[in-house]
Amino acid sequence: MPRSRRVGAHWWQHDWGGMPVWGVALSAVAIGGLIAGGAALRPSTAAEEAPSPIVVFLGDSYTAGVGASDKSLGWVNLVGEAEGWRVRNLARGGTGFASEVTGEAAPAACGRADCPDFGEMALEGSSLLPDIVVISGGRNDIGDTPVDADVDAFFDTVAAAYPGSRIYVTDVLWHQQAPEAVERLTSVVRDDAERIGATWLDIGQPLAGGGGLLAPDGIHPNDAGHEAIAQAVIAALG
């Protein structure tokens, strides 16, 4: 007599393609675990990407972006964008290795109650723990009194404040062909920069080409002038 099929058997007792359903279910769970485990072992793209370097800029009004029609068009921001840097611009108008602006003149010079010299800027920026420091300035120090000792002291401060940072230093920029006093100060700055192991960016005088690079005041770079400085810095960075 033929054996009758059992009615009401549990679902796990049924077959699926010749294999008990419970076996199919266990296989699916095992495969899913392997896939999930493999995904967990693969490093994420975000983890592989190093964060952009923090870069502190120290300098005067040129470095601060004065003369540009918009802050984003200052040479510092243009270089930062091209290099993929996180820019922290501490530059202030009217300042230098020895020059600072205080009192009633300060707000007009740098927009603050006090416009510190480069040494004070360097101490302020050290708390940011930058990967890179870029120094560009000195035009406000041109005068009858040599500032060699101030330049020496500044670079001593930089060496102590940024022991793990890469340091870049540019020529002292001028708004036309640089006079002898500017060339002399540039030489002093270069010697001190190299003394502490900084990298010298030989950018020359990007604004020496003519008035088409200057703002209406005839001193600060306009948008084209800031672009010229930026391109010179980018080229020097290699």
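This is a predicted model: local features need pLDDT of at least 70, side-chain atom pairs count only at pLDDT 80 or more; totals for chains, interfaces and linings use all residues.

Student: How many disulfides does a search of the whole structure find, and which residues are joined?

Tutor: The idea is to look for a pair of cysteine sulfur atoms within 2.5 Å. Here a search of the whole structure finds 1 disulfide, and it joins C110 to C115, with an S to S distance of 2.1 Å. The link of C110 and C115 is left-handed, with -90 degrees about the S-S bond.

Student: Are C110 and C115 buried or exposed?

Tutor: A residue is called buried when its relative accessible area is under 20%, and exposed when that value is over 50%. C110 counts as buried because its relative accessibility is 17%, and C115 counts as buried because its value is 0%.

Student: Where is P163 placed, and is P163 buried or exposed?

Tutor: P163 lies in the loop between α7, which covers 148-161, and β8, which covers 166-170. With 72% relative accessibility, P163 counts as exposed. The C-alpha atom of P163 is separated by 9.7 Å from that of S126, although these residues are 37 residues apart along the chain.

Student: What does S165 touch, not counting residues up to four places away in sequence?

Tutor: S165, which also has its place in the loop between α7 and β8, touches P130, D131 and V133 when those sequence neighbours are left out. Its side chain reaches the backbone oxygen of P130 at 2.6 Å, and S165 is buried, with a relative accessible area of 16%.

Definitions and conventions: Residues are numbered from 1 along each chain as its sequence is written. Side-chain values use heavy atoms; hydrogens and water are left out. Buried means under 20% relative accessible area, exposed over 50%, partly exposed in between (1.4 Å probe, protein chains only). Helices (H or I, at least four residues) and strands (E, at least two) are DSSP runs, numbered from the N terminus. A polar contact is a pair of N or O atoms within 3.5 Å; within protein, one must be able to donate a hydrogen and the other to accept it, and residues adjacent in sequence count only if both atoms are side-chain atoms. Contact means heavy atoms within 4.5 Å.
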